[in-house]
Structures are given as structure tokens and as C-alpha cells.
Amino acid sequence: MNRLCLAVALTAFVNCAAHATDQTLKLAVGQQAAIELEENPSTGYRWSIDAQASSNLSILHIDDRGFAHNAGDKPLPGAAGVHRWNVQATSPGNASITFVYRRPWESSVARRHQVEVEAIVR
């Protein structure tokens with residue numbers, strides 16, 4: 001199961017779906033959102049962006065914030081948490097970000113998560 005939460009810059013979380021496999025973001029140029037996917041790196045599995053399966057990433061600035069334990073949870077060894085990215089629209093257009101959950105030494109992908117981004121001028 002993965003969790004995806006989206007936050008618009010300087011505002012509270014606006015959308016959080018427990019079983020989402022695809023998500024759509026509509027951002028004004030300059031606006032950003034936070035993406036969080038459940039991850040447990042102690043199993044060897046990690047989320048990353050599959051640049052080849054993604055499209056038009058040049059209209060976005062993506063900041064990989066890395067893994068963090070869930071807020072309020074004690075950071076126990078082996079405990080799950082979330083992997084975070086900030087995504088900012090830098091130019092108008094449409095982009096697609098494909099996240100994959102896999103072990104770096106394996107070619108197979110355990111899960112995929114697709115985020116469609118529509119960047120607009122306001």
C-alpha cells in the first residue's frame with residue numbers, strides 16, 4: 001500500500017489518498033506541491049523517479065527530500081516512513097512523473113506511481 005499526500009506551497013495538505021496509484025496535480029507556474037510515498041528502506045526497496053518512463057520533466061523542478069520517519073513516530077530501526085519530493089512548476093505545459101519502488105540491484109519493479117502535472121499560467 002502507498003500513501004500519497006499533496007500539499008500546495010505554504011498551505012496545509014489538500015489531498016491525501018491511501019490507495020492512490022495515479023494522481024493529478026494542477027499547479028500555477030511557480031507553485032509547488034509535496035509528494036509523499038510510503039517507504040521502508042530496511043527492506044531494500046526505495047522509491048525513485050524513472051526518468052525514461054516520465055515525460056516533459058523539463059517544465060518542473062523536482063527536489064528529492066529523501067526518507068523520513070512518519071511524524072510523531074519513534075524512529076525505530078527498520079520502521080517504515082515516507083519518501084518526500086517537492087515538485088515545482090517552472091514553465092506552462094503538461095508533464096508526467098513515474099515513480100518506481102524497487103531494490104536497486106534488481107531489474108523488476110514492485111510498484112509504480114504515476115503523477116500527471118498540468119502547469120498553468122495565472
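Colleague: Which residues does Ser 96 touch, not counting residues up to four places away in sequence?

Modeller: A contact means heavy atoms within 4.5 Å. On that basis Ser 96 touches Ser 54, Ser 55, Leu 57, Gln 114, Val 115 and Glu 116. Keep in mind that this is a predicted model, where local features need pLDDT of at least 70, side-chain atom pairs count only at pLDDT 80 or more, and totals for chains, interfaces and linings use all residues. Residues are numbered from 1 along each chain as its sequence is written, and side-chain values use heavy atoms, with hydrogens and water left out.

Colleague: Is Ser 96 buried or exposed?

Modeller: Buried means under 20% relative accessible area, exposed over 50%, and partly exposed in between, using a 1.4 Å probe and protein chains only. Ser 96 comes out at 7%, so it is buried.

Colleague: What joins the side chains of Ser 96 and Glu 116?

Modeller: A polar contact of 3.1 Å. The term covers a pair of N or O atoms within 3.5 Å; within protein, one must be able to donate a hydrogen and the other to accept it, and residues adjacent in sequence count only if both atoms are side-chain atoms.

Colleague: Where does Ser 96 lie?

Modeller: Helices (H or I, at least four residues) and strands (E, at least two) are DSSP runs, numbered from the N terminus. Ser 96 sits in strand 8, residues 93–102.

Colleague: How many bridges join strand 8 to strand 9?

Modeller: Two strands pair if DSSP finds at least two bridges between them. Here there are nine, and the two strands run antiparallel. Thr 98, for instance, stands opposite Gln 114 in strand 9. Both strands belong to an open sheet of four, in the order 3-9-8-5 with mixed pairing. Its edges are strand 3 and strand 5 (46–49), each pairing on one side only.

Colleague: What about Val 87?

Modeller: Val 87 is in strand 7, and its relative accessibility is 0%, so it counts as buried. Beyond four places in sequence, its contacts include Leu 27, Ile 35, Leu 60 and Ile 97.
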